[in-house]
Each structure stands twice: as structure tokens, then as C-alpha cells.
Number of protein chains: 2
Amino acid sequence: MRKCFNCMQSKLQCIPALREWRESDLKAILVIADGMADRPLKELDWKTPLEAARKPALNKLAKTGVCGIIDPIAPGISPGSDAATLAMLGYDALKVYSGRGALEAVGSGVEVLPGDVAFRCNFATVNKKLVVLDRRSGRIANEDAAKLAESLRKVKLRKSANVEFFFRNTVQHRAVLVIRGPKLSTAIGDSDPEQVGKKVLDMKPLDNSTEARRTAQIVNELVQEFHQILSEHPINKERAKRKLPQANMVLCRGAGIIPKITPLPELFGIKAACIAAVSLIKGVCKVAGMKVIEVKGATGTPQTDYMGKAKAAVQALKANDFVLLHVKAADVASHDGNVKQKIEIIENVDKLFSFVLKNVDLGSTFLAVTADHTTSSVTRNHEGDPVPVAITGPGVRRDDVVEFGERTCAMGGLNRIRGMDLMHVLMNLCEKTKKFGA
Amino acid sequence: MRKCFNCMQSKLQCIPALREWRESDLKAILVIADGMADRPLKELDWKTPLEAARKPALNKLAKTGVCGIIDPIAPGISPGSDAATLAMLGYDALKVYSGRGALEAVGSGVEVLPGDVAFRCNFATVNKKLVVLDRRSGRIANEDAAKLAESLRKVKLRKSANVEFFFRNTVQHRAVLVIRGPKLSTAIGDSDPEQVGKKVLDMKPLDNSTEARRTAQIVNELVQEFHQILSEHPINKERAKRKLPQANMVLCRGAGIIPKITPLPELFGIKAACIAAVSLIKGVCKVAGMKVIEVKGATGTPQTDYMGKAKAAVQALKANDFVLLHVKAADVASHDGNVKQKIEIIENVDKLFSFVLKNVDLGSTFLAVTADHTTSSVTRNHEGDPVPVAITGPGVRRDDVVEFGERTCAMGGLNRIRGMDLMHVLMNLCEKTKKFGA
């Protein structure tokens, strides 16, 4: 329950607090364009894709706002999107990040409780010697995957294991596995060799604890049972007839638990929502106590429905104080080294942002745009270079930057901050923070 | 073991990783000019010595690179060269720094094992009342010091002390003492009063632990024994005849242990080397797992062989991924308040850097220059002001800075980072970092 700064009464007991609450009814939208930041490229005459793109709306943001650069985690540290987004929501990722598996599971709509260990899984095709022939079983259709997943739920683990498990397919070959019970550990390796032609790995404990050994044993047993059921499954027999790769194995990786964090509503007294296509980001947002809004046509691909997401964000702001709008596509293009496509995507992000800019009340809304990390179109990897950020809204200390870009923003009034600072900066502007000290 | 980003195999097992490793065979040279940064001086028309110096190569670095300022430890904290260098190599000096003695000893070629307590020592001249007459025994020649040190090795400590000790002279009056045994502590004061005319101090425990009391007692006993042997030593009798100050006392200070850090080769999968004249810096680099390359004529003085060091650095880069080139001289001139000499030294550092710039493959090498701390020519002390830095190399986000200096670099694209960030920034550029998160 949010309290009055002055009398520490709950806002319902304190008239000044109630008034203050109403007067500071400020909101914020944060757009995170995944992997949008890059390095200067020879083919762009040493501009970055962001610098080369036509982006009138983002430039307007820079021009009317305060700009800076952000180290998502710390200078030189290359982050994954999950850790970076956790940081951008105000959390110290170096302390609370606890693996991808659980975030992916939560994002896929699977319940993960504290203590549960979750894995990212793939339906895969293996031969009799358990050598991987196709890590994605020919990107098996959702319908087939659903039927196979259904059949795996009947697996009974020996009673002495004293655990429950939940297995659910998500998109195509992708699935999640959650193990629930006492004395589990995330310190276990992957069964996924991540390469065709290699044998499925035994999951090994990564430390000497009883918990790690026990967890590895349980998951190995499960995977064997899964393999047996899948090998004899009618769907696979039918796939064989149709010359499709059989989904006769479940590969597991990325053991994780949900991070122990205080959700945003509790931290800042806000209602928060997120619009994201990829389940990993949805998972991060759910764990942070945000409502995930599904948008039809939001795919996480370069062909995603940019306008659909923009409209959903504007709509979501009506019922929420804070909306995170995540766009995956620029990262995808960077990993493909497709500079032309990356520029097109950035121009689409600009149009998306333009819509937001035109359709929110600028007198009471803060708008911020950043990237979760740099993805180099040359190395095709996430890099530890900082990302640009711009924030506009009532009362920001507007600076001299007139263009949104990696290098222009570095000259801005925010200077260089860390990912975990951004949310506090936004919530401070929205008057949702409490005073530290008296 | 470095792993492939894609398949998480070790680089020897994965052909793409091997290729990636080769393709990203990027290297870095970091030049640290000790104490080069300064404050604006009236006699230089309010320029700093660095701003006043002719430095075409350093300016070229700034012009083609990304610039910034660095707080070696944190804003306003004045660091010693050992702590600052430790930080610039990527370590959190506030957490891992553990005293100068052990670093100096390691740098002098004395073995220091985990748990050993090491001291920096001076041969000194005292009178019968143990009042210090000369803290350096007239900067005693190496030959005399070696013979005296030799004779001290025969000292037998009482058995109950249960320790071994190692004593070695280094340069002139300088020496190191290492104590090895159970239950030792670095929480003990110095015996060196650091001032002529004061009595040699009893080494006192700095906390209430048994370990500190025990260590102080052992070293006090040793120092007494040393004094007895030295007082009657033929070398000293001969020195008395030649009217040279007798080296009849060993002063101890700076009790330290080696810091518990993960060496750079393990952290980044790199081979690293250092070129430095002073044993303290050599010690830091050895502890960080770097190969120390000796250069004839490198003295740590203003008369050091700048070109010899530059050539050695270029040569070292052939067999290493990272080379630290440390030049002491500017700090020496600053401590002497010799502004003219400081400018000359900076111009020599510029020539050294010019040689490096012309003799490395700029398509695959990152070049960085900074200072380990500010040394004021007015206060003649290390100061906590930030230091300038510039980094050039393939794909850096070149900024508008065209001159290398304390104030010009503050306008650069790196903004303001901490010493411990620099190595991560360089290793990120060299593609030697791992992703945090997924």
C-alpha cells in the first residue's frame, strides 16, 4: 500500500497524500528495441544502422528530451535480453538473474513457483544411438507438438523422487519443463548438445551438492521416459510415413529458477503492463509483476505488427501507470548480419514510436526509448557497448541533442547511467519514488 | 576455457568457434603513463602539462578514437599506482587490494604464496638510540646491499615461532621481506618512521587478533636480529672507513598478502604481457597472470628507454592478445614538482606511442592510452581527479574529440567510467567477453 511521504499514513487515511497522489498521476511508456544499437559500419560510411536510418519521431524525442547512454549491466559487459530487460526494469541483474529457463517458462504461461527448477526444451530428432539428427524436428507444427506433449504428462516418476513435473509445448518445437519438489538445484548442465551429429548429453551436476546430483538424476530419468513414449507415439509413426523428422527426443537446457525480486507494483505503487512477442521477455515482465498484454500479429520477427503493438501500448496506458513496449526485430536482423533489414526495422520502430507520440497526453506522459543491448551486425553477437536512451515529458532537463543515435546521445544530459538506474529515473519523473532519508 | 557462443563447446572442439576465435583475433595495447594527468597550472597559462605538451600521436589517437575520463577507483579517491593498475586490469580494487608489500615482492621476483605476509623494506642508517639518520643508507650500491642481505638469511628465529622468512635486496636500498607460516596477519603497523630524526618504530598489531600480535612480535624479533648482524658486518665497517652511511637497520612497511583474483588468462581466455620498469607494477601484473617482459634500459626514471619499451610492446603483441605498457616517469617529475620535465616526459610518451601506432596492425589492434591517476605538480601528490582515456581500433564509436587531454577527453563518447570498467571495455571490443544472461 502506497503511503503519504509526510505522515506515513496509507493514502486512504491521509488527505494530503490523496491529493498528492492525484496530482502526480503521471505515466510512462518505455520502448525497448532489442539489439537496436550497433557499431559504426564501413558499408554505411562509418555510421551505425540507427544513425543511418530515417527516424523523425525518434529525433523529435531526442530533441525535446534528455539523452544519454546506458550500460545495460556494466561497461563492457555483453548482456542477454533477459538479464538486460530485468536491469532496465530497475533490478540489479548481477545479483538477481537466475537463468533463462524459468523466465521462458513463465513467459509461456507455465506457472513456476519459488523453488521450482525450469528448463527450456526442444522436441528433437535422434537416431537409435541418441545422436541428434535435427534439433527442431523439422520445426514441428504446434498441433503435433501439443499431442506429443499431452502424452508425456502421463509419465510417472518413481515415488522416491518426490517431485512433480509439468511439461508444455509453446511454439513449434519449443517447450518448457518444470520440476517441483524439495531439494532441487539449477546447478546442472544441459542435455542439448546444441549441434547436429552429436549425442544427447547426460545432464550432469555442476557442483558437488546432493541437490544438484538429485536434480540431474530426476531429469535424466524423465528424458529417458519421454524418449520411450515419443519413440512409439502414433504421431511420430505418422510423421515417419509423411517423411517428416520424428520428434522422438526432448532436449533440455538453461536450468533456472524465478528471480527473487519485489514486483514493480509493490516497489513503486504502480500498475504496470508489457507488450512483447517473445516469451522470454514476457517472462521477465510477469516476474516483475507486470500484466502481459497479448497483441495479435506481434511475432517477434521483422514482419511483426508494429502498429498493432503501438496501438496496444497507447490503449494499455489508460489502465496502467507504466507500459513497456518491447520490439524484438532489430536484434533478429543483427544476428543475421542484415544491415539493410535492420535499418528498415528501425524505421518501423520510428513509425511505431511516432504513433505513440501522437496518441498519448504529452502533458502527463513520459516517453523513453532505448535498446536492451548492442548487437553488432559485423560480429552478429550481443556486445558490451552502451546503448542510447532519450526521455521526454513534462519537466525533463532538455539538452542540446537533436538526433537519436549511439554517439549523439552520448553527448546528452543524462551522461552514462546503468540499466538498473533507468526505471528509477522514470519513476522519479512520474513521482512514484519515495524519499531516501528525511 | 573459452567456449563457442553458439554451441558452448570449448573452442578446440568446435570448428565454428575456432574460426570465430581466429576471425576475432583482435588484440589490444594499453599504455598507462603513471601520474600523467594533472591540474591546470598558472605557469602554463592554466593549461595542464598534458594540455601544454606537443603530442601529435596522442592527438591522433583521440581524433580517430572514442574518448572519456576514468575514475581509477571512484570519484575523488586518490589511488596508489598498485591499486589503480589493479583496477585498470579489471579488478575491483576496493575489494581485492591487499597491501603493497606482497605486490612489490612478487614484482622483485620473490615468490609469495597465498597466506604469506610480505613487507617493503629499506636499508637505513640509525644511531645507537635507533634514531634514523638516513632512510636509504646513502642509496647504498646494489653490491653492498646484496652482501648484507646474504648475511641476514642466516638469522634463526626461535622454533616456537614456526615461520620461515625470505629477505632479498632489490634496487639500491630497497628490499623485501616475506614471512611464511600459519596464523599470520597483515594488520600490523610499520617500523619505518618515514622521517629522518625519528626513532625506529616498534611494529604494532593493528587489531586485537592473536594473528596480528603474533606477526608483530615475529617481525620485531627479526628486525632486532637484523640490526645486530648489520651493526657488526664487515661491509658496514668498510663503509664507515669510506665515510659512507652504514646500512645498519632494516625498516619495514606496507604489510601485504597477494590479492585473491582470477588471472586475466582465465577471465578472458587471453595471453597477456606487461612491460614495466618498477617492481610494484610488475608485481600487480604477475598476480594478474601476465608475463612480465624485461626491457634493458627501462628504469622507471625520466631517462628511461622509451623507444626500447615501445619496440618491446610491439614485439610482445605478436605472442599475446593484450599488452600493458607502463611508463613511470611522468609521476616522478610530478612528485618533484618539475613541470618542464613532466612536459618533456609526456612528449617522450607521445613518441613512444607514435612508434606503437605506426608498427601495429590497426585493422586488428585496439590502442588505448590513459594515466593510472592524477599527480598534481603543485601538491606533488596523487590526487583523486579523473584521468583522460582514448581508445581507437576497428568499430569504435569515434567521437568529436580531436585532442588528448584531461578536459577535451571529458567531452568524449565514453563519458566517465571507472578504472575497473576499462579492461572489460577493451576485452569487449576484442570479443573476449562472455554474454551475461541468455
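Thr304(A) lies in the loop that links strand 10 and helix 12 (306-319) of chain A; helices (H or I, at least four residues) and strands (E, at least two) are DSSP runs, numbered from the N terminus. The model is predicted, so local features need pLDDT of at least 70 and side-chain atom pairs count only at pLDDT 80 or more, while totals for chains, interfaces and linings use all residues. Residues are numbered from 1 along each chain as its sequence is written, chains are lettered from A and ligands numbered from 1 in the order in which they are written, and side-chain values use heavy atoms, with hydrogens and water left out.

Thr304(A) is buried, with a relative accessible area of 6%. Buried means under 20% relative accessible area, exposed over 50%, and partly exposed in between (1.4 Å probe, protein chains only). Apart from neighbours within four places in sequence, Thr304(A) is in contact with Gly297(A), Ala298(A), Thr299(A) and Lys309(A), where contact means heavy atoms within 4.5 Å.

**Chain relation and interface.** The copies use different surfaces, as 8% of the contact residues of chain A recur in chain B.

In the interface, 39 residues of chain A are in contact with 29 residues of chain B. The two chains bury about 2500 Å² between them, 49% of it on carbon and sulfur atoms; buried area is the accessible area (1.4 Å probe) that two parts lose on being put together, summed over both. One salt bridge is counted between chain A and chain B, with a side-chain nitrogen of Lys or Arg within 4 Å of a carboxyl oxygen of Asp or Glu as the criterion. Arg418(A) forms a salt bridge with Asp421(B), and the closest N and O atoms are 3.9 Å apart. Elements that give two or more residues to the side of chain A touching chain B include helix 4 (81-88), helix 15 (406-409) and strand 16 (415-418) of chain A.

In chain A, eight strands form an open sheet of mixed pairing, in the order 10-9-11-1-12-15-2-16. Strand 10 (291-292) and strand 16 of chain A stand at the edges with a single partner strand each, so one side of each has no neighbour in the sheet. Two strands pair if DSSP finds at least two bridges between them.

| Strand | Partner | Bridges | Sense |
|---|---|---|---|
| Strand 2 (66-71) of chain A | strand 16 of chain A | four bridges | parallel |
| Strand 2 of chain B | strand 14 (387-392) of chain B | five bridges | antiparallel |
| Strand 2 of chain B | strand 15 (415-418) of chain B | four bridges | parallel |

Asp71(A) stands opposite Arg418(A), and Asp71(B) has Arg418(B) as bridge partner. Cys67(B) stands opposite Ala390(B) in strand 14 of chain B. Six of the six residues of strand 2 of chain B are buried, so this strand is largely enclosed by the rest of the structure. Val66(B), Gly68(B) and Ile70(B) cover one side, and Cys67(B), Ile69(B) and Asp71(B) the other.

**Helix 11 of chain B.** Eight of the nine residues of helix 11 (279-287) of chain B are buried, so the helix is largely enclosed by the rest of the structure. Among them are Leu280(B), Lys282(B) and Val287(B). The buried residues pack against elements including helix 6 (100-107) and strand 10 (322-327) of chain B. Gly289(B), with a positive phi near 80 degrees, follows the helix.
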